Each structure stands twice: as structure tokens, then as C-alpha cells.
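Here's a quick briefing for anyone meeting this structure for the first time. Have a look at the sequence and the 3D view, then read on.

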Amino acid sequence: MEEKQWVVKINNELNSLANTSEESAHWSKRFIYKIPACVTELNKRAYKPQIVSFGPYHHGTGDLRAMEEHKHRALLHFLKRSNKPLNAFVEALAPVLQDLKDAYDQLDPKWHLKENDDEFLEMMILDGCFILEILRTTDSATHTHHSTQTHDQTTSSNATNHSEDYASNDPIFSTHGKLYIVPYLKRDMLMLENQIPMLVLEKLVFVQNANVVKKGKELMKRILNFFSQAISVKNIHEIEKCFHILDVYRKSLLSEEPRSKKHTKTKSGQNSIVHRGGGDEIIRSATELNEAGIRIKTSKTRSLKDISFHGGVLELPLIVVDDALESLYLNLIAFERFHVGAGNEVTSYIFFMDNIIDNSRDVSLLHSCGVIQNALGSDKAVANLFNSLSKDITLDPESRLDEVQKRVSAYCQKPWHQWRANLMHTYFTNPWAILSVIAAIFLFALTIIQTVYSVLSYVSPPS
């Protein structure tokens, strides 16, 4: 009996099945992902670029095509200023073309065709040059640097004004563009589906001026400065190799290690964690923690890792909540979800914050403690934002934040803290309840005084 066609196909694939090390090498090449519909349907706008496309996923679609003209202009200005032929950049990227393609998960089959190699390379160069021009023309710190150190050869000698080679009324590369267009570009540049490999930017910068690369981390400094991420030079050099701009931003959020690790690990004795069952490890809201006697204060760094609990004090990093935060954190969470080995620090942080934020009262408390800076408007909007970010995510049991959460829960389960929380919740939640308690105490004190006088008058009657 002749074997069915699909059986033959499976047998052939089985014979050519790669070993574990080859499979690992295959998966490790991918770090830019197409986000599935089951994730994007909750908030499609957060994952789709609104003004510009980078990379193949949204290339040439809809209204994004309008920015292609500006990409072309950016390329021309980039080439003119670098004084290098286009072929020099093409020759630098051509040898790594397959690596650039392999970086994309679920890449459209058309990009794998040999006849489309030139188009893919053109797309990478156009997108890369546009990004570098945006970083350059909006880098006010570098403007000052070049105006005071004219001997620096990182750009041409007339680079004291980074946007002088563009017209003052340029719609993108001007003060007007920086004010009205760049905020949208920033949001689109931090979307997972809208990334290009850092390798593209590194190759372009190297060909343009190898001296910049020799300085080390210069490109990373430009990117972080563009996104207003304050980070020390020491911590920049400690950041490991990044896959793309979103990865650079993510690692900058985690770069500041907590100043002391003495409270981050479970110890024997008073800091040991009791693993309770029945939901006792679910952390309470910020208001309930406050009622239980836990004091909340800001950490000394803004790293999302810098969360600790010791001696009844919960320390949390400052976070600014604005219109761009939802899209940013959803894409960071998506990257951690789909890239094996990326870590889960951002996801764990959002999960933790969702646990301690139930309503506007919790946001108000965290704001008064200096943990949240609210740029959204209402406290209720902030609470809804954190609650929506945490949908369909879970806390890794191996996460350090899980240990913090268990330590906080263990603290709240102690009888004295439970009694204090019940007292605060029952009698001190509103002014009228507080007045009632004060009045009851006052009346009780008067009753005691009256009783004492009655006893004294009986024991020692007046003569």
C-alpha cells in the first residue's frame, strides 16, 4: 500500500530534524515579534504605529506611507553630511542581511525571496538613517557639546547646530517638528512590531564615523537622551548588548540596582517567609497596607527593580503616569512574554502595582507618598490604567517581587497588624467615625472620673 503524501512529508522532516543546540540557535536569532490577535484585541491602538513604520511588519501600509518621503530626505542629508557614498553603507549591511531577516518572527514570505533582498536592504537603510537623523536633530545636549568642543570630529566641522542643514520650517527636523511630530515618533519607536535591529544603527554609525563607535555606548546615550531617560554613565556601560530601541529603553528602566541587597533575599530568623495557603499571599491594596501600619515611601532610585520591604516600610520607585505610559508598558510586557530569556521584571512590576492599586484612594495615597506623579488627570483614570495593564499576566514565582509580596503578606497576617487594620478600617475611615470614637473615649473618661469621685466620697466622707 502506497504511503500517503503527508506521511512521507512528516517522515522526511523527522529524518532532517535538527538537534537541540541547532534549534536553540534558530530561536535565539529572533527578537522582533508579530503580536498575535489574542493580545492586540484588548488595545489595538497600543501596538500599531500611528505616524511612521520601521521594519517590515507595517511597511507601506495606510497613512504610514506619507512618512516615506521624509525618510528619503533624511537619507540624503545623512549621506551629504557624512561625506560617504551610499555604497559604503550598503556594503556594510549586505553581509548581515540574513541576520537582519532572521531577527523578525513570522516575516512575510516575500522578504525571503532573493529578488526582494535589495528592497529589504533599502528599507533597513532608510529606516535606520531616519532614526539617526531624528536622534541627532533633537539631541539638545549634543548641540551644546558640539558648540563648546569644536575640535570634536564626530560630525562635520559645521555641526554646531544639528538642524542647520534642514530648513527652519521643515515639518519634521525643526523646532516645530520637535514640538508636534516627535512625541508621536517616540511612541511609535517604542512599539515591538515597529523595531529594527540595533545592528542596523550600529553599522550605519560605524561607517559614518568609526570614532563615535570607539567611544563606546555613544549610540545608546543618544537613544536614552532622546527618550529623556536619566541614567549615569556607569550604568550605561553596565547595560548589556541590546536587540533594538525598545530593549534599550527596557534595560534603562532596570539599570539602577537597589543600593542594598540585604533585604532582597529570604533569611532565616525574623525575615523568613512563611508560605501560607488559601490566598494569604495576595497583597492588599495600598490603603489597606497603610491601615495595617505599613509606611510607603519612594525608593532612592527609579529602577523598577528597586522595590523592597523591611521593618514595616515598603519602598517603591517613582513613576510618572502620562498618556504614553499604556502603550509603552504593553509593548514592554509583550516583549518579555514572547522573547525567551528577556526576563520578567517589567511584567512583575505591573502585576505588583495592580495588586496595590484597586481604586482612586490607593492612587491618591501613592501620590501623597511620592510614588506616583499623575499626568493623566484623575486618580480614577490612573487606577483604571494599572488595572487594564495587568490583564492576562501572571507573576513569575521565581521573581524577586514575589518574595517582597510574600513578606508584606506575612507582615499583615500578624495578629497585632490585623487588629490595627480592622480598627483603622472600622473607626478611622471618615471624619464622623473619628468624632464618634473621640466622643466615646471622652464619655468613658468622664464616667471613670465620676466613679472615682463617688468611691472617694464613700471611703472618705467629708467631715
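Which residues of helix α19 (residues 360-368) are buried? They are D362, V363, L365 and L366, where buried means under 20% relative accessible area, exposed over 50% and partly exposed in between (1.4 Å probe, protein chains only). Bear in mind that this is a predicted model, in which local features need pLDDT of at least 70, side-chain atom pairs count only at pLDDT 80 or more, and totals for chains, interfaces and linings use all residues. Residues are numbered from 1 along each chain as its sequence is written, and side-chain values use heavy atoms, with hydrogens and water left out.

**The overall picture**

- The protein has 23 helices and five strands; helices (H or I, at least four residues) and strands (E, at least two) are DSSP runs, numbered from the N terminus.
- Of its 463 residues, 46% count as buried.
- Take the contacts (heavy atoms within 4.5 Å) between residues at least 6 apart in sequence: 70% of them join residues at least 24 apart.

**Helix α19 and its surroundings**

- Looking down the axis of α19, you'd find its buried residues within an arc of 160°, so they line one face of the helix; the arc is that of the directions from the helix axis to the C-beta atoms.
- The cover over those buried residues includes the helices α16 (286-291), α18 (345-356) and α20 (379-389), along with the strands β1 (295-298), β3 (313-316) and β5 (372-374).
- Where α19 starts, a side-chain oxygen of N359 comes within 3.0 Å of the backbone nitrogen of R361.
- After α19 comes G370, with a positive phi near 85°.

- α5 (residues 86-93) has F89, A92 and L93 as buried residues.
- Among the elements covering the buried residues of α5 are α4 (68-82), α6 (97-102), α7 (117-137) and α11 (198-208).
- In α13 (residues 218-226), the buried residues are L219, M220, R222, I223, L224 and F226.

**The largest pocket**

- The largest pocket has a volume of about 1,000 Å³. On a 1 Å grid over the protein atoms alone, a pocket is an open set of points where a 1.4 Å probe fits, with protein on both sides within 12 Å along at least five of seven lines. Grid points are joined across faces, edges and corners, and the volume is the space filled by probe spheres set on the points.
- Its lining takes in 34 residues, with F227, Q229, Y249, D322 and L328 lying nearest the centre; a lining residue has an atom within 4 Å of a point.
- At least two lining residues come from each of α10 (182-189), α15 (245-253), β4 (319-321) and α17 (325-338).
- By type, the lining splits into 18 nonpolar, seven polar and nine charged residues. Here Ala, Val, Leu, Ile, Met, Phe, Trp, Tyr, Cys and Pro count as nonpolar, Asp, Glu, Lys and Arg as charged, and the others, Gly among them, as polar.

**Loop residues worth a look**

- K29 belongs to the loop between α2 (20-28) and α3 (37-40), and it is partly exposed at 41% relative accessible area.
- Leaving aside residues up to four places away in sequence, K29 touches D102 and A103. K29 and Y104 are 75 residues apart in sequence, but their C-alpha atoms are 8.4 Å apart.
- H339, in the loop between α17 and α18, is buried at 9% relative accessibility.
- The side chain of H339 makes a polar contact of 2.6 Å with the side chain of Y33. A polar contact is a pair of N or O atoms within 3.5 Å; within protein, one must be able to donate a hydrogen and the other to accept it, and residues adjacent in sequence count only if both atoms are side-chain atoms.
- G343 is also in the loop between α17 and α18; it is partly exposed at 30% and touches R250 and E336, not counting residues up to four places away in sequence.

- Most residues other than glycine have a negative phi.
- N83 isn't a glycine, yet its phi is positive, at about 60°. N83 lies in the loop between α4 and α5 and is exposed, with a relative accessible area of 68%.
- S228 also has a positive phi, near 55°.
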